[in-house]
Amino acid sequence: MSNLTKNTKLNAWLDEMIALTNPANVVLIDGTDEQAEALRAEACASGELFKLNQEKLPGCYLHRTAVNDVARVENRTFICTTKKEDAGPTNNWMSPKECYDKLTPLFRNSYAGKTMYVIPYSMGVVGSPFAKNGIELTDSIYVVLNMLIMTRVGTAVLDAMGTDGDFIKGLHARATMDENNRYICHFPEDNTIWSVNSGYGGNVLLGKKCFALRIASYLGRNEGWMAEHMLILGIENPEGEVKYVAAAFPSACGKTNLAMLIPPALYAKKGYKVWCVGDDIAWIRKGPDGRLWAANPENGFFGVAPGTNAKSNPNALASTRANTIFTNVVLNEDDNTVWWEGLGEAPENALDWKGQPWNKDSGVKGAHPNSRFTAPAVNCPCISSEFENPAGVPISAIVFGGRRAKLAPLVYQSRSWNHGVFVGSIMASETTAAAAGAVGVVRRDPMAMLPFCGYNMADYWQHWIDIGAGLDEDKAPKIFNVNWFRKDDDGNFLWPGFGDNMRVLEWIIKRCEGKVDAEETAIGFVPKAEDINLEGIEDEVSEDQLKEILSVDNSLWEDEAKGIEEFYAKFGDRLPKALSDELNTLKANLEK
């Protein structure tokens, strides 16, 4: 078996994993359409996939996961480092030895009677300066077909790896689907990911959060670059100049909508355009010109279906119209298409995400709230012409955001790079759904990386500070914070959001270009109300309302400072001094 590829390290590892899992066959995924088509046919024959209406949804399929396997399982996700403190207080930790000892029996003979699929994949354009190679072994055709959409797969990756190139070793087995023995484990010191007893995308598409964030953040620290949970978008002005922004948001804060933003008619008429480079992950490194450049290491979108529609995100919806895999959505039996909550009129005759008869009077949701679409990025009408650029795109601004009803203004700019790192480190959102416990509870999610940082978060912040120290001040991106979710005393949103967020992006770009002034407050630079363009939304947002959305309430920030101090205390003496200095500056500013 040990001559499956030309890479000696890969062949040795394959031998080891084949001996452990005991597959009946081993198939190398070569990236050809012919092989993929044969796998789709096999998955339809076994019931793993259902072929949809090929006239209305060409190349599209439906998949249903096990009922106990519908989302990422953070409590079963581990960072396995030799020293516990290297994983830090915000990660679940297990020692590598304990974890290998625990998982090895779960993998033993787990492929018996099944096929082992060997998926060579590249995160990033194959052979580009950003690219990193991985191999995922899986017993699931669903995983293979998703990885073909989400990453760049095939023999070109093996060619790029050569005879002794390194790769991230990923092993996945559905095994018995026992949720009490479900584990997603990362061994950053070994470049290894093991996932067992799950078939859900976020736990088993090992190129996604597992590699592209958890392992890559660790690699980035060691190699001097950054792996971030960020969208990348380009804003083109009427003169045809494009400025790029990277932005991080916790879940339920409109990240995908911003990544695929459609400018309001007022802006579109003038010739403004918005281009999507990525909706979820950005790998960022210093370019030869001294600026920070970012690339999206993925090749597709793994989006949440419910709520995606022609009003909320027409570009995302258009992305799903061909060659897409839908997971845990409603099957419309009348025309063999798919439906989910928010997608217009519910079908009369349908099967819910579990495959049971369903209609709108059933009293339960038809699609699972975390149902998904896996769609090729090339389908997106606003995909950037730079999407395949191996050099990535230069970043002018970094934006952090969260959901705060009263605290954060619509937008503010940090005073410096280190202050910007502080702004990212204190990112938080207030809980929205009663199902998640009490509403309005502040949940810290620094840089939107809390579940995805592959090492101690205090060291991660220090890495940000180190990156900034290596940049010329005039070439470093400016750092901002936005809050689309400010409310009035009656609980109504003060800002329209969605496409109108373009008005805030315009101000951000002008600040990067030095074209508008700002007012200094205790927390940073806030726009002057007259510098945010309200043309066309005067009925929704008066200048007085805008002033309210831009206001900074020092007493609320004093309470926030206490919360930040409490959060920072978790990190003990590993907390970078630069951040405790920024907290002290904030407190002093509030006292003035």
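The conversation below goes through several descriptions used for this predicted model and asks what each one rests on.

Visitor: Why are helix H16 and helix H17 called roughly antiparallel?

Guide: The axes of H16, residues 554–569, and H17, residues 577–591, come within 10 Å and cross at roughly 160 degrees. Angles over 145 degrees count as roughly antiparallel, and that crossing angle therefore makes H16 roughly antiparallel to H17. The crossing of H16 past H17 is also a left-handed one.

Visitor: Which residues meet where H16 and H17 touch?

Guide: From H16 come Asn-554, Trp-557, Glu-558, Ala-561, Ile-564, Glu-565 and Tyr-568, and they meet Leu-579, Leu-583, Leu-586, Lys-587 and Leu-590 of H17. Sorted by class, the residues of this contact are 8 nonpolar, 1 polar and 3 charged.

Visitor: What makes H12 and H17 roughly perpendicular to each other?

Guide: Helix H12, residues 417–425, packs against H17 at an angle of about 85 degrees, and the two axes are 9 Å apart. Since angles of 65 to 115 degrees count as roughly perpendicular, H12 and H17 are therefore given that description. On the H12 side the contact is made by Asn-418, His-419, Val-421, Phe-422 and Ser-425, and on the H17 side by Ala-578, Leu-579, Glu-582, Leu-583 and Leu-586. The classes in the contact of H12 with H17 are 6 nonpolar, 3 polar and 1 charged.

Visitor: How do you know whether H12 is mostly covered or mostly open?

Guide: A residue is called buried when its relative accessible area is under 20%, and 8 of the 9 residues of H12 are buried, so that the helix is described as mostly covered. The buried residues of H12 are Trp-417, His-419, Gly-420, Val-421, Phe-422, Val-423, Gly-424 and Ser-425. At the start of H12, a side-chain oxygen of Ser-416 comes to within 3.1 Å of the backbone nitrogen of His-419.

Visitor: What can be said about the covering of helix H5?

Guide: Helix H5, residues 141–150, is mostly covered, with 9 of its 10 residues buried. Among the buried residues of H5 are Ile-141, Tyr-142, Leu-145, Asn-146 and Met-150. At the start of H5, the backbone nitrogen of Tyr-142 has a side-chain oxygen of Ser-140 within 3.2 Å.

Visitor: Why is Lys-255 called buried?

Guide: The cut-off for buried is a relative accessible area under 20%, and Lys-255 has 9%, so it counts as buried. Lys-255 is in helix H9, residues 255–259. A polar atom of the Lys-255 side chain lies 2.9 Å from the backbone oxygen of Asp-280. Not counting residues up to four places away in sequence, Lys-255 touches His-229, Met-230, Leu-231, Ala-247, Phe-249, Asp-279 and Asp-280.

Visitor: How do you know whether Thr-337 is buried or exposed?

Guide: The relative accessible area of Thr-337 is 10%, and because buried means under 20%, Thr-337 is buried. Thr-337 lies in strand E20, residues 337–339. The side chains of Thr-337 and Asp-335 are joined by a polar contact of 2.6 Å. Once neighbours within four places in sequence are left aside, the residues in contact with Thr-337 are Leu-52, Asn-53, Lys-56, Leu-57, Val-330, Leu-331 and Asn-332.

Visitor: What makes Asn-336 partly exposed?

Guide: Partly exposed covers values between the 20% limit for buried and the 50% limit for exposed, and Asn-336, at 28% relative accessibility, therefore counts as partly exposed. Asn-336 is placed in the loop between strand E19 and E20, and its phi is positive, about 60 degrees, although Asn-336 is not a glycine.

Visitor: Is Met-447 buried or exposed, and where is it found?

Guide: With 0% relative accessibility, Met-447 counts as buried, the cut-off being under 20%. Met-447 is found in the loop between strand E27, residues 442–444, and helix H13, residues 457–469. Met-447 is a residue other than glycine with a positive phi, near 50 degrees.

Visitor: Why is Gln-356 called partly exposed?

Guide: Gln-356 has a relative accessible area of 45%, and exposed would require over 50%, so Gln-356 is partly exposed. Gln-356 lies in the loop between strands E21 and E22, and, not counting residues up to four places away in sequence, Gln-356 touches Ala-350 and Leu-351.

Methods. Residues are numbered from 1 along each chain as its sequence is written. This is a predicted model: local features need pLDDT of at least 70, side-chain atom pairs count only at pLDDT 80 or more; totals for chains, interfaces and linings use all residues. Side-chain values use heavy atoms; hydrogens and water are left out. Axes are lines fitted to C-alpha atoms, for helices over the stretch in contact, and angles run from 0 to 180 degrees between N-to-C directions. Helices (H or I, at least four residues) and strands (E, at least two) are DSSP runs, numbered from the N terminus. Angles under 35 degrees count as roughly parallel, over 145 as roughly antiparallel, 65 to 115 as roughly perpendicular and the rest as oblique. A crossing is left-handed if the near helix is turned anticlockwise from the far one by less than a right angle, and right-handed if clockwise. Contact means heavy atoms within 4.5 Å. Ala, Val, Leu, Ile, Met, Phe, Trp, Tyr, Cys and Pro count as nonpolar, Asp, Glu, Lys and Arg as charged, and the others, Gly among them, as polar. Buried means under 20% relative accessible area, exposed over 50%, partly exposed in between (1.4 Å probe, protein chains only). A polar contact is a pair of N or O atoms within 3.5 Å; within protein, one must be able to donate a hydrogen and the other to accept it, and residues adjacent in sequence count only if both atoms are side-chain atoms.
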